Amino acid sequence: MRFFLKGNSGQLDHQVGFFHQLTQGGFTIVFAGHKAVEYLTARFAQPQALDDVARAAGVSSSHLGHLFKKETGVSVMSFLQDLRIQAAKRLLLESPLNVSQIAEKIGYSSIHLFSRRFKKSVSIP
């Protein structure tokens, strides 16, 4: 089972793979991480707050933040940004949408914020 968007997503693949592997072991705490990944993957284009993700996962926001960072090496919100950037890459390659339309479609209210984050993600100065 995969929870990330198709495309070049090596980092996301590793992060999501952790949750998939350990949920099979039946650890309740990891299930919270699994639910958070599912929630974010299904709703990455909508505005998200850590409290909303934690509520969907059934744990406190501080607990989810700690668990997520410890096991994946990134924060919940960084993971969300990674999902959005992967979606943007796919849309840039496969859709007729312009950059402003893509930014809006993946959850950015500002083309400037999207542009900064995209450039940083793909190492463009």
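How many aromatic pairs does the count come to? Three aromatic pairs come out of the count, where rings of Phe, Tyr and Trp (its six-membered ring) pair if their centres lie within 6.5 Å, and planes under 30 degrees apart count as stacked, over 60 as edge-to-face and the rest as tilted. This is a predicted model, in which local features need pLDDT of at least 70 and side-chain atom pairs count only at pLDDT 80 or more, while totals for chains, interfaces and linings use all residues. Residues are numbered from 1 along each chain as its sequence is written, and side-chain values use heavy atoms, with hydrogens and water left out.

**View 1. F68 and F79 form an edge-to-face pair.** Helices here are DSSP runs of H or I with at least four residues, and strands are runs of E with at least two, numbered from the N terminus. F68 and F79 are both buried, a word that means under 20% relative accessible area, with exposed over 50% and partly exposed in between (1.4 Å probe, protein chains only).

**View 2. F114 and F118 make a tilted pair.** Here the rings lie 5.6 Å centre to centre, with 40° between the planes. Both residues are in helix α7 (residues 111-121), four residues apart, or about one helical turn. F114 is buried at 4% relative accessibility, and F118 is buried at 16%.

**View 3. Y108 joins a ring cluster and carries a charge over its face.** Ring pairs connect Y108 with F114 and F118. Look also for R84, which lies over the face of Y108 at 5.5 Å from the ring centre; the rule asks for NZ of Lys or CZ of Arg within 6 Å of the ring centre and within 35 degrees of the ring normal.

**View 4. D52 and R55 meet in a salt bridge.** The N to O distance is 2.8 Å, and the count comes to one salt bridge (a side-chain nitrogen of Lys or Arg within 4 Å of a carboxyl oxygen of Asp or Glu). Both partners lie in helix α3 (residues 50-57), three residues apart, about one turn of the helix. D52 is partly exposed at 29% relative accessible area, whereas R55 is exposed at 60%.
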